[in-house]
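Please have the model open while you read.

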Amino acid sequence: MSYFQIPRLSYRVWKVWLRNKDVFVKTLTLNFLPPFLEPLLYLFALGFGLGMFVENIEGVSYARYIAPALVAVTIMYASFFECTYGSYVRMYYQKTFDAIIATPLSIEDVIAGELLWGATRSCINACIMLPVIAAFGLIELPHSLLIIPFSFLGGLVFASIAMCFTAIIPNINSLTYPTTLFITPMFLFSGTFFPLSALPEPIQYFALALLPLTHVVNIVRALTFADLNQFLIFDLAWLVVASLIFFVLSINLMKKRLVV
Amino acid sequence: MDIASVIVAERLQKRFGEFIAVDGVSFTVEEGEVFGFLGPNGAGKTTAMKMIQCVSPKNAGRLLVFDMEVDTHPREIKKLMGVVPQENNLDPDFTVYENLLEYSRYFDISRQDAEKIIDELLDFVQLKEKKDTMTEILSGGMKRRLVLARALINHPQMLILDEPTVGLDPQARHLMWDKLKNLKSQGVTIVLTTHYLEEAAYLCDRLVIMDHGRILVEGKPDELIRKYIGTDIVEAENEPVVIACLEKNDARYEVVGDMVQIYTNDPQKTTDHLLKECTLRKITVRSATLEDVFLKLTGRKLRE
Ligand SMILES: Nc1ncnc2c1ncn2[C@@H]1O[C@H](COP(=O)(O)OP(=O)(O)O)[C@@H](O)[C@H]1O
Ligand SMILES: [Mg+2]
């Protein structure tokens, strides 16, 4: 079985998405809290606290500079954790996937539904966060509204990468590896809290070539600044290609794990 | 073929690496019957069920369910089938009612129809009062009945049950048996695995006894008992004189620990004979059961 076999999906992918949506709605308040509160905490600590000591960065206030990074990081966290810890629990502990594949759904449908739901989580969290940041006057409207559809694409990239890890880890504790070795460095070194240009050149290239968050930050920042440029096409293309590759790869890896 | 075969398996095989879990089994299940797979732990029952359910691909042989190939028509087959897996996999994120509602969606059942079906099913499995309970706090028997209800949501033509009553108390077990008898009377084909011999004898029209991935025998429960044991078993103490006497009389017997079991179709004659000819101290007579066949064929060694 090839790692890049095109999955045969059906409209039933949607049913898996609906299942996860139903659970989400059942615990709505709980789910709203993090994306609502976290930007406030970061903005006060970093934007207004640390920001006192930072004159300005690339010609804007520090709070304005990091506001898009907070949105980008939320996009990353929401889908990454949904499709690692969330999916792993459903797969391994709850046997939810086993129950679903006894019906006309295939395992491909189930994983694709999980990925689309992961991307949706990113979208939902971005939607909750944007008004909070907008209330502080830190983003340009209406440009910033484009972040909402974009967050789905960004979310899909992280969901798919997350699902690859979920497919290969031996147990849930091993998720610590991708979290500390991949997500945390990305959180810090993707042009989030200081410009990429402050880093040594090889690391800049590394970040651009291999860290998806770099591209998400670039696009979200351009939108919150209402300052679009032609390089964004490259960022967008990178994300589209990555999402396609990892979407297909993660489904095949999951098939390898689950179809025995 | 006059009666339609719901499952046709020919030299069906499943390997896990080098290990052969199901080793070239052939069997057919006819419409409307209750067909059992008996066997000790590790015999390959669950593996066989998973191939029929189209979730575990076979390595060799042929497997038709509802006249369709499992490899090429999994969705169509699964649509017509209900499954009670060995391990309960109810959705802990939902209540009893929601579990059924979610499941109905996977079969493209409209909300309106689903509500009607779910009401009927909750009645059928006697869980109406537990409708809004989270599944985690249900008792073992209730969980099992909910899994049964879930398996019935699409009005399946065939039901596959992998050890449906394992771990249940006698009341819960009998309730499950009642439900299965009821479903059979409605014309549902039932395939079940079990290692409770009493369950198999009570429920199954036909069964196979499996061990080490192979089918040892196939037949109707009472026919198997008749064929491999006889109608009755006479038990006596295992002493050299007894054995010598049995040998002399050409009796069919087996030594089980400190007992000898003598197989017979005429317990009256056998006991009279034994009491007269051999010096027996203590003997008991009882009817032969499927358990005797099972132990005779699969041996008495402990399995994991
Ligand atoms: N996924 C698997 N990988 C490797 N071996 C397996 C797997 N599933 C089952 N087996 C082995 O196949 C044999 C048959 O298992 P199973 O079908 O579960 O038996 P039963 O249901 O009759 O108790 C056992 O020895 C079991 O260890
Ligand atoms: Mg089993």
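In this predicted model, helix H3 of chain B gives the lining of the largest cavity its largest share, which is four residues. H3(B) also gives the most to the side of chain B that touches chain A, with five residues.

**The largest cavity**

- The structure holds three cavities of 30 Å³ or more, and the largest of them has a volume of about 80 Å³.
- Residues of both chains line the largest cavity, among them A:Thr96, A:Ala99 and A:Ile100 from chain A, and B:Asn99, B:Glu102, B:Tyr103 and B:Tyr106 from chain B.
- The elements that give two or more residues to this lining are helix H4 (96-101) of chain A and H3 of chain B.
- Sorted by class, the lining of the largest cavity has five nonpolar, three polar and three charged residues.

**The interface between the chains**

- The contact takes 26 residues from chain B and 26 residues from chain A, and the area buried between them is about 2,300 Å², of which carbon and sulfur atoms give 52%.
- Of the area that chain B buries against chain A, 32% is supplied by B:Arg75, B:Arg105 and B:Tyr106, more than by any other three residues.

**Polar and charged links**

- Between chain B and chain A there are 16 residue pairs in polar contact, counting pairs with both residues at pLDDT 80 or more.
- Seven salt bridges are found across the interface, and the side chains of A:Asp109 and B:Arg75 meet in a salt bridge at 2.6 Å, N to O.

Notes. Residues numbered from 1 in each chain as written. Chains lettered and ligands numbered in written order. Predicted model: local features only at pLDDT ≥ 70, side-chain atom pairs only at ≥ 80, totals over all residues. Heavy atoms only, no water. Contact = heavy atoms within 4.5 Å. Buried area = accessible area lost by both parts, 1.4 Å probe. Salt bridge = Lys/Arg side-chain N within 4 Å of Asp/Glu carboxyl O. Polar contact = N/O pair within 3.5 Å; in protein donor to acceptor, adjacent residues only side chain to side chain. 1 Å grid on protein atoms, 1.4 Å probe; cavity = no way out; pocket = protein on both sides within 12 Å on 5 of 7 lines; lining within 4 Å. Points joined across faces, edges and corners; volume = space filled by probe spheres on them. Nonpolar A, V, L, I, M, F, W, Y, C, P; charged D, E, K, R; others polar.
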